[in-house]
Amino acid sequence: MRNAPTILHLDMDAFFASVEQASKPSLRGKAVVVGGLGPRGVVATASYEARVFGVHSAMPMAQARRLAPNAAYLVPRFGLYRSISEQVMALLRELSPLVEPLSLDEAFVDLEAGGTAWDEPSARLAGVKLRADIRAATGLTGSVGLAASKMLAKIASEEAKPDGLVLIEPGTERALLGPMSVRTLPGVGPATGDHLRRAGITTVDELAEAGEDELVRLVGKAHGHALYAMALAQDERPVVAERETKSVSVEDTYDVDIHDRIRVGLEVQRLADRCVRRLRGAGLSGRTIVLKVRRYDFSTLTRSETLRGPTDDPAVVREAASRLLDSVDTTGGVRLLGVGVSGLADYTQEDLFAQAAGVRADPAAEETVAEPVAEETPAERHWPSGHDVRHTEYGHGWVQGSGLGRVTVRFETPDSEPGRVRTFRVDDPDLERADPLPLVPAGEAGGERAADVRLEGAANGVGAAAGDVE
Ligand SMILES: [Mg+2]
């Protein structure tokens, strides 16, 4: 392990929800939940205001709605998140050629390899400057961890959240980790945590004291060795810029377009299983599940969902692919389907023991696949909550809800005051879908934004919560 804290881990704060709040002045300071709104939907990101109610990512959406009934529930706008992610990743690549993205909003950077930092002061300076640059370019906040290893850098950024920077000085790692919960370590999820607790081990110190042989006995050979090394704060994994195989995917083209929604669903399940077999065959696991659909008119859509940790569990991939399919209109027929896994990783799964024991770690994975999908009405499919629209008279806005032949739109933009709500018939010819507006207007990017002033304004801007009408 190096002796300077020159590995940086960046994690944007509540990324999807923060983008939504930056786009929609009326939601600033409010509980916002982004995720799948269908019957099997799960929370992708909850704003800090929603977390106060106990809502967290990967929670079933129905449970989130019970905990925070007045929160705004929005369908993800991945195109916008991706474009902001590209801005952030470009800033990281200015620091070093060795940037390892883990998801849209998270990455490791080897500052030493880029010549950006070589000791503690230079590393801290790079982190402070990066946070300021991200804020100026995107208007959003990200938290930074700095340490001598990837594991500690990630733990540091977690400690820094939200909107902070934590640097772990080399030599202090073990003292810092010792009293922390075993759950702090990568690969230790709820099931492993429970298993270790039953053996009397709750802290990292207790893990180290248990010794390698005991840990191998408790959680198996591969995980036992890894767990012991982590307990000693040993992590030699390098920051890797490009993985040899960036994704594993399979696809099928159909001679005759498939019209039947159930058949489309079954094909997606079959492709998911095939994709996982290939993934496992290569000894890989991944975090991002991708669905590709080419429709009768040759329009091709891709949808993706990023899990909390890498997986090679067929049930998890199947369910993620089904959720993605829920957001795609296949009414006219489908001529090609594909399922892929990207964001490939060396750690197999977030919860090592859960996988070893065949137990599901992800609560979302408990939902049954066989449950028939409640068909959305065409209106709800066409006007997803949170997505952008344009009205010939009232201008740019976003869908607050739809149902019963009506769509409710709030007219506001990233720069405006919190806007007014108006309701239209779903087939109103003056209303059309629109592209998202940039969070920081072109030309202003790089300048200071009066975000705090806007936050204050938002406090009295919203009457009813932006829940769905459906
Ligand atoms: Mg994040």
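**Exercise 1. How do helices α1 and α4 cross?**

Task: In this predicted model, find the angle at which the axes of α1 and α4 cross, and decide what to call that arrangement.

Solution. Angles of 65 to 115 degrees count as roughly perpendicular. Therefore α1 and α4 are roughly perpendicular to each other. Now look at the side where they meet: Phe15, Phe16 and Val19 belong to α1, and they meet Leu80, Tyr81 and Ile84 of α4.

**Exercise 2. The positions listed by UniProt**

Task: Locate the residues that UniProt lists for "binding site" and for "active site", and decide whether each is buried or exposed.

Solution. Begin with the record. An unreviewed UniProt entry lists Asp11 and Asp105 under "binding site". They span 95 residues in sequence, yet no two of their C-alpha atoms are more than 5.8 Å apart, so they gather at one spot. The unreviewed entry also places the feature "active site" at Glu106.

Next, place each residue in its element:

- Aspartate 11 belongs to strand β1 (residues 7-12).
- Aspartate 105 sits in the loop between β5 (99-103) and β6.
- Glutamate 106 is part of strand β6 (residues 106-110).

Now test for burial. A residue is buried if 20 or more other C-beta atoms lie within 10 Å of its own. Aspartate 11 has 21 such atoms, so it is buried. Aspartate 105 has 24 C-beta neighbours inside 10 Å and therefore counts as buried. Glutamate 106 is buried because 21 other C-beta atoms lie within 10 Å.

Last, follow the contacts, leaving out residues up to four places away in sequence. Aspartate 11 touches Asp105, Glu106, Gly142, Ser143 and Ser157. Aspartate 105 touches Asp11, Met12, Phe15 and Ser85. Glutamate 106 touches Leu10 and Asp11. Notice that Asp11 is a contact of aspartate 105 and also of glutamate 106.

**Exercise 3. Into the nonpolar cores**

Task: Find how many residues the largest nonpolar core has, and which of them have the most contacts inside it.

Solution. The largest nonpolar core has 83 residues, and the most contacts inside it belong to Val32, Val33, Val109 and Ala156. Helix α6 (residues 150-160) gives the most to this core, with six residues. Apart from this core lies another, of 24 residues, including Val268, Ile289, Leu291 and Val339.

Not counting residues up to four places away in sequence, valine 32 touches Ala17, Glu20, Gln21, Leu27, Ser47, Ala50, Ala71, Ala72 and Leu74.

Terms used:
Residues numbered from 1 in each chain as written. Predicted model: local features only at pLDDT ≥ 70, side-chain atom pairs only at ≥ 80, totals over all residues. Core = buried A, V, L, I, M, F, W, Y, C linked by C-beta atoms within 7 Å. Buried ≥ 20, exposed ≤ 12 C-beta atoms within 10 Å, placed from the backbone. Helix = DSSP H or I, 4+ residues; strand = E, 2+ residues; numbered from the N terminus. Contact = placed C-beta atoms within 7 Å. UniProt positions renumbered as here; feature names shortened; annotations may be inferred. Axes fitted to C-alpha atoms, helices over the stretch in contact; angles between N-to-C directions. Parallel < 35°, antiparallel > 145°, perpendicular 65-115°, else oblique.
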